[in-house]
Amino acid sequence: MKTRGMLTAGITLVLAVPVAAWGLMGRQDYDGLPASELDYAYQPWDIGDAVAAGLGGLALVPAGIAAAVLVRGARRGAMDRRWWGVLGPLVVVGLMAGVGWRILTAGVVGANIGAGLLLIFGTPVAGGLVLWALGRGVWLATRRHGDEGGTGGRRLGGLASGGV
């Protein structure tokens, strides 16, 4: 990314998406029993549904503005479009984190099967997406702008990598 504005917008988008997903999804407790009789894999935060929904709605505003800034910056050349390969997976992980927290803190009768499935399958997927974004980000940051696969861009920390 070229400018601090693009970096700030990217960070804002990545941080606002999980808050929006968490707040707008709401509690996923079993209906028909009071909370004191439900079983929890993880205890939910003591935040009311209206407050959580308000926070989720408020988080949509900076997320939407950041997405618009990033799209506009990519169209105008202020941001290299290849950085979407970093931001996209991080936004998906944020969405998974917001929804996942609601699944992990759902009040159920008996075992929370969703929590177990989330931990078994969601954790490796999220880890893979974060590793992809990290690797892609390092790769983009260490390449000279405009080098599309030529050997001239093989530089790491100002030193030519040779054949590495």
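Let's start with Ala-52, which sits in helix H2. This is a predicted model, and in it Ala-52 comes out buried, with a relative accessible area of 1%.

So who are its neighbours? Setting aside residues within four places in sequence, Ala-52 is in contact with Trp-22, Gly-23, Ile-47 and Arg-102.

## How H2 packs on H3

Two packed helices are described by the angle between their axes and the distance between the axes. Here, H2 covers residues 49-76 and H3 covers residues 84-104; they pack at an angle of about 170 degrees, with axes 13 Å apart. Angles over 145 degrees count as roughly antiparallel, so that is the label for H2 and H3.

Which residues make the contact? On the H2 side they are Ala-52, Leu-70, Val-71 and Ala-74, and on the H3 side Trp-84, Leu-87 and Arg-102. Sorted by type, that gives six nonpolar residues, one charged and no polar.

## The aromatic residues

Searching the whole structure turns up three aromatic pairs. Take Tyr-42 and Trp-101: their ring centres are 6.4 Å apart and their planes lie at 35 degrees, so this pair is classed as tilted. The two come from distant parts of the chain, 59 residues apart, with Tyr-42 in the loop between strand E1 (39-40) and H2, and Trp-101 in helix H3.

## Salt bridges

Side chains of opposite charge can pair when their charged atoms come close. How many salt bridges does a search of the whole structure find? It finds two.

One joins the side chains of Arg-27 and Asp-29, at 2.7 Å from N to O. Arg-27 is partly exposed, with a relative accessible area of 27%, and Asp-29 is partly exposed too, at 21%.

The side chains of Asp-80 and Arg-82 also meet in a salt bridge, with an N to O distance of 2.7 Å. Here Asp-80 is buried, at 17% relative accessible area, and Arg-82 is buried at 18%. The cut-off for buried is under 20%.

Key: Residues are numbered from 1 along each chain as its sequence is written. This is a predicted model: local features need pLDDT of at least 70, side-chain atom pairs count only at pLDDT 80 or more; totals for chains, interfaces and linings use all residues. Side-chain values use heavy atoms; hydrogens and water are left out. Axes are lines fitted to C-alpha atoms, for helices over the stretch in contact, and angles run from 0 to 180 degrees between N-to-C directions. Helices (H or I, at least four residues) and strands (E, at least two) are DSSP runs, numbered from the N terminus. Angles under 35 degrees count as roughly parallel, over 145 as roughly antiparallel, 65 to 115 as roughly perpendicular and the rest as oblique. Contact means heavy atoms within 4.5 Å. Ala, Val, Leu, Ile, Met, Phe, Trp, Tyr, Cys and Pro count as nonpolar, Asp, Glu, Lys and Arg as charged, and the others, Gly among them, as polar. Rings of Phe, Tyr and Trp (its six-membered ring) pair if their centres lie within 6.5 Å; planes under 30 degrees apart count as stacked, over 60 as edge-to-face and the rest as tilted. Buried means under 20% relative accessible area, exposed over 50%, partly exposed in between (1.4 Å probe, protein chains only). A salt bridge is a side-chain nitrogen of Lys or Arg within 4 Å of a carboxyl oxygen of Asp or Glu.
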